[in-house]
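The sequence and the model are shown first.

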Amino acid sequence: MRAAIVTPATVSPARHNRRVNAADDQLGLFADAPAPRDLPAGWDYRPDFIDADEEAALLAFIATLPLADARYKGYTARRRVVHFGAAYDYDDHRLLPAPPLPAELAALRAKAAAWIGETPEALANALVAEYRAGVPLGWHRDVPDYETVVGISLAGTARMRFRRYPPIAPKKVDVVSLELAPRSAYVLRAEARWGWQHSVAPTPALRYSITFRTRAARRGAQASRSSFGPRV
């Protein structure tokens with residue numbers, strides 16, 4: 001499988017957030033741009049988190065991975081994924097063993113960890129996902145076994161959407177969205193992680209994502225597990 005590299009779309013400065021970890025972060029070019037007015041607290045976004053050479057190397061590595069259709073409670077999703085560190089059984093609501101993080105993702109994990117002020121080892125789980133043109137990710141919150149979520153976008157653009165949880169007669173006007181550019185990264189924690197759901201609109205072209213997560217301090221403490229997990 002050969003991955004096509006797409007030139008990143010222009011990202012408005014209004015979509016750049018403050019740094020997560022100002023003391024340790026060495027990627028501060030966009031640190032002082034204003035935060036989006038309506039996005040939840042605990043959300044952060046960094047365009048150009050990696051450069052074109054790093055993206056090309058990651059895409060070449062992803063092309064070697066055994067991506068398989070994602071499954072959720074008996075349903076098969078249109079996106080293809082591979083897990084490292086741990087996978088998740090949505091029927092039994094438990095973590096499953098997965099291969100250790102490969103060396104090819106170590107530098108990216110270290111960069112993500114420095115951004116959020118964690119050790120690389122704290123990002124114990126990695127998920128690589130492929131979104132072919134037209135593939136969505138439904139409304140969800142990540143399972144409560146994990147805490148902070150860091151996502152890196154590759155190759156294509158995506159529109160990430162947010163709505164408060166639990167939604168009450170949700171309407172389109174209640175949904176906040178923004179574009180994730182290739183080579184960008186985002187963080188979900190605090191209110192953005194637990195008090196909002198997120199989804200990805202059908203992608204306009206081939207896109208990949210690499211998502212790192214820290215383990216939750218108290219397993220399942222935030223809410224009933226039935227409210228978590230991706231919707232196919």
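## Salt bridges and fold

Arg-213 and Asp-142 join their side chains in a salt bridge with an N to O distance of 2.6 Å; a salt bridge is defined as a side-chain nitrogen of Lys or Arg within 4 Å of a carboxyl oxygen of Asp or Glu. Arg-213 belongs to strand E13 and Asp-142 to the loop between strand E7 (137-140) and E8, so the pair ties together parts that are 71 residues apart in sequence. Arg-213 and Asp-142 are both buried, where buried denotes under 20% relative accessible area, exposed over 50%, and partly exposed the range in between (1.4 Å probe, protein chains only).

The model is predicted: local features need pLDDT of at least 70, side-chain atom pairs count only at pLDDT 80 or more, and totals for chains, interfaces and linings use all residues. Residues are numbered from 1 along each chain as its sequence is written, and side-chain values use heavy atoms, with hydrogens and water left out.

A search of the whole structure gives six salt bridges.

| Pair | N to O distance |
|---|---|
| Arg-213 and Asp-142 | 2.6 Å |
| Lys-111 and Glu-54 | 3.0 Å |
| Glu-55 and Arg-183 | 3.0 Å |

The salt bridge of Lys-111 with Glu-54 links distant parts of the chain, since Lys-111 is in helix H2 and Glu-54 in helix H1 (residues 52-62), 57 residues apart. Lys-111 is partly exposed at a relative accessible area of 22%, and Glu-54 is partly exposed at 29%. For the salt bridge between Glu-55 and Arg-183, Glu-55 is in helix H1 and Arg-183 in the loop between E10 and E11, so this pair ties together parts that are 128 residues apart in sequence. Both Glu-55 and Arg-183 are buried.

### Strands and helices

The protein contains three helices and 13 strands; helices (H or I, at least four residues) and strands (E, at least two) are DSSP runs numbered from the N terminus. Seven strands form an open sheet in the order E1-E11-E8-E13-E6-E3-E2, with antiparallel pairing, two strands being paired if DSSP finds at least two bridges between them. Its edge strands, each pairing on one side only, are E1 (43-46) and E2 (68-72). On average, neighbouring strands of this sheet are turned by 30° against each other, direction ignored. Axes for such angles are lines fitted to C-alpha atoms, for helices over the stretch in contact, and angles run from 0 to 180 degrees between N-to-C directions.

Within the sheet, four bridges pair E2 with strand E3 (residues 75-84) in the antiparallel sense. Asp-69 stands opposite Arg-80 in E3. Helix H2 packs on the sheet and touches E1, strand E6 (123-131), strand E8 (146-154), strand E11 (185-188) and strand E13 (207-215), and its direction makes about 125° with that of E8. Contact here means heavy atoms within 4.5 Å.

Ala-106 is located in helix H2 (residues 106-116) and is partly exposed, with a relative accessible area of 34%. The C-alpha atoms of Ala-106 and Glu-121 are 9.8 Å apart in space, while the two residues are 15 apart in sequence.

Strand E9 (residues 158-164) runs antiparallel to strand E10 (residues 176-180), with five bridges joining them. Arg-161 has Ser-177 in E10 as its bridge partner. Five bridges also join E9 to strand E12 (residues 196-200), again in an antiparallel arrangement, and Arg-164 stands opposite Trp-196 in E12.

### Backbone features and totals

Most residues other than glycine have a negative phi, and most peptide bonds are trans. Tyr-165 and Pro-166 are joined by a cis peptide bond, with omega about 0°; Pro-166 lies in the loop between E9 and E10. Asp-48, in the loop between E1 and H1, has a positive phi near 55° and is partly exposed at a relative accessible area of 46%. Ala-190, in helix H3 (residues 190-194), likewise has a positive phi near 55°, and its relative accessibility of 45% makes Ala-190 partly exposed.

Of the 232 residues of the protein, 48% count as buried. Among contacts with a separation of 6 or more, 77% are between residues 24 or more positions apart.
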